[in-house]
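Let's take a look at some aromatic rings and what surrounds them. Have the sequence and the 3D view ready.

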Amino acid sequence: MADTELDRARAGDTRALARLLSLVEDESPQARIVIKDLLHSTGTARVIGLTGAPGVGKSTVTGALVGAFRSLGSAEYRVAVLAVDPSSPFTGGALLGDRIRMQAHATDDHVFIRSMANRGQLGGLAAATPQAIRVLDAAGFDLILVETVGVGQDEVDIASLADSVIVLVAPGMGDAIQAAKAGILEVADLFVVNKADKPDSHQVVRDLRGMLALGERKDGDWKPPIVSTVGVHGAGDDGIAELVTRLDAHWSWLTSTGELQRRRHARAREELTALAFAALRGRLAASRLDELASRVADGTLDPFEAADELLDR
């Protein structure tokens, strides 16, 4: 079934691709079979992540990048977008606002855009994002852009998922102290100061440069560049053109230094760990968890012994 749907997806059948993605997103029992069948076709797609606080223009810049890569690549160059949207706490659905902002590419047969509800998952991504990337990779996309939910300072999951990570900031989002704080800024391979036509954008660039100057780097390490963009101008914006050039330079650095292989190994390790912990949580719920919790609560068992007993089971 997976091979047949994959053949259709490679041929441009978006419905077949959507069905494969729905299987992994809905955690269908068939998802394991699908991923196993598709595994031999993965490993060629380039994955770029875009993250930042709400309102910095992630969707706008993502749409501009889609246009830029499509215009620079061959006619058959295929681009996919995974846009993670926040879920409603009431219905569990997503607004799909990210897809609305990328309607300019809706008629391009070589562009596929999928919105995913994060379903309460922390870190700016959906739990099924790694598997969705694998499906898109197997379906023959050359480039996969992953746009996170608007994130806070410590939500850095995209760093373990993408080959290149773009962190977007914008004027008016905070004072200079924000640039010196640990967290999301540390995962950036490239910084984008979007809405650069607004006042104080130059100050944001200076703050970021000051933050980068404080870091310690070895010879040969990648130094994140800072690119100013006006995303609403689309692929024709000079900043977007520079961003594509910088992304290509980072890709060359990844492949020439062996860093790409290291990152993808780390990605597989993180994915494996997450799946193992998810399975463990399910087994804990079916074990004597409540009984042991009661004994810990009334003081007849210490929590370390209780945890050891759970693990033994």
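## Before going on

This is a predicted model: local features need pLDDT of at least 70, side-chain atom pairs count only at pLDDT 80 or more, and totals for chains, interfaces and linings use all residues. Residues are numbered from 1 along each chain as its sequence is written, and side-chain values use heavy atoms, with hydrogens and water left out.

## Two aromatic pairs

There are two aromatic pairs in the structure. Rings of Phe, Tyr and Trp (its six-membered ring) pair if their centres lie within 6.5 Å; planes under 30 degrees apart count as stacked, over 60 as edge-to-face and the rest as tilted. The rings of phenylalanine 112 and phenylalanine 141 have planes at 45° and centres 6.2 Å apart, so this pair is tilted. Phenylalanine 141 is buried at 3% relative accessible area, and phenylalanine 112 counts as buried at 10% (buried means under 20% relative accessible area, exposed over 50%, partly exposed in between, with a 1.4 Å probe and protein chains only).

Tryptophan 222 and tryptophan 253 make up a tilted pair too, 6.0 Å centre to centre with 40° between the planes. Both of these tryptophans are buried.
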